[in-house]
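Subject: Handover of a structure

Dear colleague,

Please find below the structure that I am passing on to you. My notes on it follow directly after it.

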Amino acid sequence: PGVGAPPLALWCFAALQVHERGELSWSRLAGASLRALGATAREWAPLLVMVHAYPWMAAVIGRPEVDADAALRALDAKLFGGVEPLLAIQRLIIPALSEWLALAYSFFPFMFLVSLSSALWLRGVPALREGVTALSLAMAAAFIGYTLVPAKGPALSMTFEVPLDLYYLQSVKEQLMDRTRITWDCFPSMHTAGALIMSWLCHRHARRVFWITLPVILSTPVACVYLRYHWVVDVLAGAALALAVIRLTPRLVRTRIS
């Protein structure tokens, strides 16, 4: 039975038994069920473990005596010739742009489902394995970054003159992203790394999905800074992480994709 649709595989197996043997063997059906569940768990397990490990990072990091926000803020200013980008972009804040970027930022968890399920549906288990491997590697590297470079981000370490007014998506963003967020998860930006990796996966295996989701993907790194979750250097580090993982993953996953 295939990983993509265990219930359908089991129905087909049961129908084949009845057709060939004139009866249904429940022991064979149970065995097929266990094999299908095992195959599914094996393919998804690395990513599920990493996703569930994210809340544990709060306990791993604890309460750092010194955070990296001041250093990251200084790096941002140095990159832009002494101008602090988080303060400079306040003049660009308008409700419509805020709503769109909040939507792009909040779409992140759904992009996991969209990208992985599309790759699996169109190119099979090897494509799913690529996506799971790449995202798991990126999350593992991000967790190391959170531990070595603990940072809260601009929203919790700066004062801004211009508020971010989200009339429609404020509660959505809070429920999907803010409620489950740990404090020290800025460097590198996993939103940026994950979005780029999932876009790469769609480009390889689900080209139509790639084009449909591209506006959201391109908006995600901008949203990270605009919504004051990340410093610019966090986003650059996230992009570098994505590029490294994208180059490494095909070498690790050598299963042929037809």
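Helix H12 (207-226) gives the largest share of the lining of the largest cavity, namely three residues. A cavity is a set of points, on a 1 Å grid over the protein atoms alone, where a 1.4 Å probe fits but cannot get out, and lining residues have an atom within 4 Å of a point. Helices (H or I, at least four residues) and strands (E, at least two) are DSSP runs, numbered from the N terminus. The lining of this largest cavity consists of Ala104, Phe107, Phe108, Met111, His191, Ala195, Val216, Ile217 and Thr220. H7, H11 and H12 are the elements that give two or more residues to this lining. By class, seven of the lining residues are nonpolar, two are polar and none is charged; Ala, Val, Leu, Ile, Met, Phe, Trp, Tyr, Cys and Pro count as nonpolar, Asp, Glu, Lys and Arg as charged, and the others, Gly among them, as polar. The space in the largest cavity is about 30 Å³, where a volume is the space filled by probe spheres set on the points, and grid points are joined across faces, edges and corners. The count of cavities of 30 Å³ or more comes to one.

This is a predicted model, in which local features need pLDDT of at least 70 and side-chain atom pairs count only at pLDDT 80 or more, while totals for chains, interfaces and linings use all residues. Residues are numbered from 1 along each chain as its sequence is written, and side-chain values use heavy atoms, with hydrogens and water left out.

As to the chain overall, its secondary structure comes to 13 helices and zero strands. Of its 258 residues, 46% count as buried, that is, under 20% relative accessible area, with exposed meaning over 50% and partly exposed in between (1.4 Å probe, protein chains only). Among contacts in the chain with a separation of 6 or more, 85% are between residues 24 or more positions apart; a contact means heavy atoms within 4.5 Å. Ala58 lies in helix H3 (residues 57-61) and is partly exposed, with a relative accessible area of 38%.

The pockets come next. A pocket is an open set of grid points with protein on both sides within 12 Å along at least five of seven lines. The largest pocket holds about 580 Å³ of space. Its lining has 21 residues, and Tyr54, Phe108, Met177, Thr180 and His191 lie nearest its centre. Helices H2 (26-53), H7 (108-123), H8 (125-148), H10 (170-178) and H11 (190-205) each supply at least two residues of that lining. The classes are 14 nonpolar, four polar and three charged residues. Phe108 and His191 belong to the lining of the largest cavity and are also among the residues nearest the centre of the largest pocket.

The second largest pocket holds about 190 Å³ of space. Among the residues that line it are Leu156, Gln170, Asp178, Leu227, Arg228 and Tyr229. Helix H9 (154-157) and H10 give two or more residues to this lining, and the largest share, three residues, comes from H10. Six nonpolar, one polar and four charged residues make up the lining. Arg228 is found in the loop between H12 and helix H13 (232-252). Its phi is near 70°, a positive value in a residue other than glycine, and Arg228 counts as buried because its relative accessibility is 8%.

H11 has 16 residues, which should span 22 Å at 1.5 Å a residue, and its end C-alpha atoms are 22 Å apart, which agrees; the expected span is 1.5 Å times one less than the number of residues. In H11, 13 of the 16 residues are buried. Helix H6 (residues 95-106) has twelve residues and reaches 16 Å from its first C-alpha to its last, close to the 16 Å expected. Its buried residues include Leu101, Ala104 and Tyr105.

In the loop between H10 and H11 lies Pro188, which a cis peptide bond joins to Phe187, with omega about 0°.

Finally, which residue has the cysteine sulfur closest to that of Cys186? It is Cys224, at 9.6 Å, too far for a bond. The count of disulfides is zero, a disulfide being a pair of cysteine sulfur atoms within 2.5 Å. Cys186 is buried at 0% relative accessibility, and Cys224 is buried with a relative accessible area of 0%.

With kind regards
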